[in-house]
Structures are given as C-alpha cells and as structure tokens.
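Colleague: Please take me through the pockets and helix packing of this one.

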Amino acid sequence: MPASVTTDRPQANDRLAASLFAEVLIAEQLSRNLISKALPRGMQISHFSVLNLLAHVNEERTPAQLAQAFHVTRGAMTNTLSRLEWAGHVHIRPDWDDARRKFVSISPAGRAARDAALAAFMPLIAEVVRDIGADRVRTALPVLRELRIRLEGDED
C-alpha cells in the first residue's frame with residue numbers, strides 16, 4: 001500500500017467518527033426539542049422516561065436502579081422522583097425489610113400521563129420515520145444499537 005493510504009486511514013477514521021458523533025448529538029438535541037414541545041404542560045423528558053420505564057417493566061424499582069438505568073446520579077434521580085411524586089405520577093414506599101431503601105411504582109395517574117405524552121409526540125416521530133423510510137430506519141438501527149451498547153460498556 002502506498003504510504004499516503006496508510007497514513008490517511010487514521011485521519012479518515014477520525015473524520016468519520018467525528019461526523020458520526022456530530023450527527024448523533026445534533027439528532028439527539030433536535031429529537032429532545034421535538035418531544036419536549038409535544039409533552040403535556042409541566043412534563044419533562046426525564047419525567048416521561050421514568051414513567052415509560054416503570055410502565056414497561058410493570059414492577060417496582062429502587063431509586064438506585066432507576067438512576068443506573070438512566071445513567072444519572074442518585075441525586076438527579078431523587079429530584080426527578082420527587083417531582084413525579086408531587087404530581088401524583090409515582091408512588092414511593094419504604095422497603096419493609098430495609099428502611100434505608102425505597103421502592104418506586106407508577107401510579108394510575110402516572111400511567112395516564114405517560115399515555116397522554118405518547119399520544120402527543122408519537123405522531124411526530126412516526127412522521128419522521130415515514131419521511132426517512134422504514135427500510136432505511138431498520139438498516140440504521142443495528143448500528144445505533146451497537147453504538148449505544150459500546151458506549152454503555154465504556155461507562156464502567
């Protein structure tokens with residue numbers, strides 16, 4: 001191989017990596033803006049995310065488990081859970097076996113709020129997928145999933 005090809009490859013890979021991460025970061029910011037505008041008044045993406053996870057697993061989680069699932073500090077999760085509890089969207093109870101620990105579950109009001117949020121933004125994100133094309137999105141998903149898994153592994 002010519003020397004220029006071998007020396008250019010690391011630079012080409014660096015440019016490719018920079019482009020990939022720039023696109024992911026910009027898409028993430030624009031997605032958050034789109035969803036934030038569609039969420040019911042007073043609901044933040046972090047609130048919706050917790051409600052959505054609790055609705056999917058349909059069982060209690062500790063604040064520490066939730067913090068780990070969302071890759072945030074326990075303090076940040078405690079703040080989010082306090083707001084959700086104040087709104088009546090979650091129930092927080094002590095662990096009867098270990099008073100230092102708490103359990104969080106979604107309330108019926110929280111499930112309704114989550115469903116309302118989904119109904120508000122799902123048509124917007126479905127339209128984006130329709131515009132891009134379902135086949136192209138299906139093709140991109142494995143790469144994005146692998147990127148996420150790789151980045152989760154780097155957090156340890």
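Colleague: Which helix gives the most to the lining of the second largest pocket?
Modeller: This is a predicted model, with local features needing pLDDT of at least 70, side-chain atom pairs pLDDT 80 or more, and lining totals using all residues. Numbering starts from 1 along each chain, and side-chain values use heavy atoms, without hydrogens and water. The elements that give two or more residues to this lining, in an open set of 1 Å grid points over the protein atoms alone where a 1.4 Å probe fits, with protein on both sides within 12 Å along at least five of seven lines, are α4 and α5. With three residues, the helix (a DSSP run of H or I, at least four residues) that gives the most is α4.

Colleague: Which residues line the second largest pocket?
Modeller: Lining residues have an atom within 4 Å of a grid point. The list includes Arg-83, Leu-84 and Trp-86 as well as Ala-113 and Ala-116.

Colleague: Which helix supplies the largest share of the lining of the largest pocket?
Modeller: That pocket is lined by 38 residues, and Val-24, Ala-27, Glu-28, Ser-31 and Leu-144 lie nearest its centre. At least two lining residues each come from α1 (3–38), α2, α3 (63–70), α4 (74–86), α5 and α6 (134–154). The largest share is eleven residues, and the helix that supplies it is α1.

Colleague: At what angle do α2 and α5 pack?
Modeller: Helix α2 spans residues 45–57 and α5 spans 108–132, with axes (lines fitted to C-alpha atoms over the stretch in contact) 9 Å apart. The two are roughly perpendicular (65 to 115 degrees), because the angle between them is about 110 degrees.

Colleague: Which residues of α2 make the contact with α5?
Modeller: Contact means heavy atoms within 4.5 Å. On the α5 side the partners are Gly-110, Arg-111, Ala-113, Arg-114, Ala-117, Leu-118 and Phe-121. From α2 come Phe-48, Leu-51, Asn-52, Ala-55 and His-56.

Colleague: How are α2 and α3 oriented to each other?
Modeller: The axes of α2 and α3 come within 11 Å. They cross at roughly 110 degrees. The two helices are therefore roughly perpendicular.

Colleague: Which residues of α3 does α2 meet?
Modeller: The α2 side consists of Ser-49, Val-50, Leu-53 and Leu-54. Across from these, in α3, are Leu-66, Ala-69 and Phe-70.

Key: Axes are lines fitted to C-alpha atoms, for helices over the stretch in contact, and angles run from 0 to 180 degrees between N-to-C directions. Angles under 35 degrees count as roughly parallel, over 145 as roughly antiparallel, 65 to 115 as roughly perpendicular and the rest as oblique.
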